[in-house]
Amino acid sequence: TKYPDSIEVQENAAGIFAGMAVDESKQASLVSAGAIDAITNAMTYHPKEVSLQEVCCIGLRNFSTCPGSHDTLMLPDNLNAVIRAMIANSTSEVVQQNACGLIWNLSADLKRDPESVMSSGEVKYVVRAMQNHPESARIQSAACGTLWSLATSSEDIQNAIESEGGIDAIMCAFLMHQYDTAVIDRACGVLSSLSFNRRLAKSIADAGCIGTVIELMHDNLSSSALAQSSCLLLRNLACFDTNYAEEASAACSTIIKALQEHSDDADVIGEACGALSSLAAHSETCRERIVSLQGVAAISRAGQNFHGNSDVEREVEGALLQLE
């Protein structure tokens with residue numbers, strides 16, 4: 001604060017704070033000393049200095065890894081500095097990645113309303129980061145993680161993601177990064193959150209996501225996160241439209257394989273059984289395919305590992321009931 005006009009001093013100071021903030025044990029003293037405010041003041045004072053904005057965004061993201069720093073980061077002036085940086089530095093991968101990471105960390109705090117971190121009107125800046133940097137796996141991963149976190153409990157944000165082109169951006173991410181599980185896990189997570197809404201489920205299906213997700217799940221079967229979110233997505237879509245269930249019939253064999261691949265993962269087993277149940281309930285094609293692939297035996301074996309887990313047992317029983 002002593003030399004606000006000196007870009008070199010401000011950038012060096014922000015870099016020092018960014019490095020120190022990696023050590024969470026030092027964050028409380030740095031925050032109380034005004035480090036976060038100093039960083040955002042520098043961002044506000046020098047909005048066109050890209051390298052300074054990049055260092056500052058790295059620093060703020062590092063601070064955001066510690067929940068003890070969240071209240072200060074959540075102050076309107078500090079959040080606004082981050083949004084302004086995203087707008088003014090749309091071509092900077094460093095700014096976009098770290099700004100998304102910061103918002104993701106703040107919105108992941110379950111005690112917080114997602115819209116207190118980023119309003120539905122500001123979601124477009126995260127979607128634009130994906131649209132402007134389709135080749136960057138780091139930005140795609142951070143942006144999808146951010147959207148997934150924000151969308152989990154806000155219908156307004158879910159609608160904003162769709163209206164700003166988020167579903168198409170996710171389809172692009174699938175195609176550009178089809179073997180990068182960090183990207184596709186989170187991208188599919190966003191769709192699974194949107195798929196609870198009938199209108200958004202239609203947008204997802206109309207964009208061609210069903211076939212793409214099935215192929216990605218098949219090619220990346222070792223990813224438990226992808227298996228879980230894919231199964232949830234297909235389960236929800238099948239509930240809304242029998243045509244979606246028919247289209248998803250190709251997933252039956254992969255879902256059954258997921259039961260075997262992730263036999264010790266309760267979350268995967270629960271979602272996989274839920275998906276098979278939903279598909280069988282809404283499509284005779286799916287039901288016949290599951291039975292012919294020995295799906296009943298696979299479901300029964302998977303359930304044996306989780307006696308006493310009421311959530312898994314409920315999903316297993318529901319699937320077996322549909323396949324009787």
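Does E315 count as buried or exposed, and at what relative accessibility? E315 counts as buried, at 15% relative accessibility. The model is predicted. Its chain holds 22 helices and 0 strands. A search of the whole structure finds 5 salt bridges, and E315 takes part in one of them, with R235.

**Overall build**
- The chain has 324 residues, and 52% of them count as buried.
- Along its principal axes, the C-alpha trace spans about 75 × 40 × 30 Å.
- Contacts between residues at least 6 apart in sequence were sorted by separation: 73% of them join residues at least 24 apart.

**Surface and charge**
- The accessible surface of the chain comes to about 14,000 Å².
- Carbon and sulfur atoms account for 48% of that surface.
- There are 20 positive and 41 negative side chains.
- The centres of the two charge sets lie 2 Å apart.
- Side chains of opposite charge can pair when their charged atoms come close.

**The E315 and R235 pair**
- The side chains of E315 and R235 form a salt bridge, at 3.1 Å from N to O.
- E315 lies in helix α22 (residues 310-322) and R235 in helix α16 (residues 224-240), so this pair ties together parts that are 80 residues apart in sequence.
- R235 is partly exposed, with a relative accessible area of 22%.
- E315, at 15%, counts as buried, because the cut-off for buried is under 20% relative accessible area.
- Salt bridges with shared partners join R235, E271 and E315 into one network.

**The E162 and R199 pair**
- A salt bridge links the side chains of E162 and R199, at 3.2 Å from N to O.
- E162 sits in helix α11 (residues 155-163) and R199 in helix α14 (residues 198-206), so the bridge ties together parts that are 37 residues apart in sequence.
- E162 counts as partly exposed, at 21% relative accessibility.
- R199 also counts as partly exposed, at 44% relative accessibility.

**The K202 and D206 pair**
- The side chains of K202 and D206 meet in a salt bridge, at 2.7 Å from N to O.
- Both residues lie in helix α14.
- K202 and D206 are 4 residues apart, about one turn of the helix.
- K202 is partly exposed, with a relative accessible area of 45%.
- D206 is exposed, with a relative accessible area of 53%.

How values were computed:
Residues are numbered from 1 along each chain as its sequence is written. This is a predicted model: local features need pLDDT of at least 70, side-chain atom pairs count only at pLDDT 80 or more; totals for chains, interfaces and linings use all residues. Side-chain values use heavy atoms; hydrogens and water are left out. Helices (H or I, at least four residues) and strands (E, at least two) are DSSP runs, numbered from the N terminus. Buried means under 20% relative accessible area, exposed over 50%, partly exposed in between (1.4 Å probe, protein chains only). Contact means heavy atoms within 4.5 Å. Accessible areas come from the Shrake-Rupley method with a 1.4 Å probe; for residues, only the protein chains shown count as cover. Lys and Arg count as positive and Asp and Glu as negative; His and the chain ends are not counted. The place of a charge is taken as NZ of Lys, CZ of Arg, CG of Asp or CD of Glu. A salt bridge is a side-chain nitrogen of Lys or Arg within 4 Å of a carboxyl oxygen of Asp or Glu.
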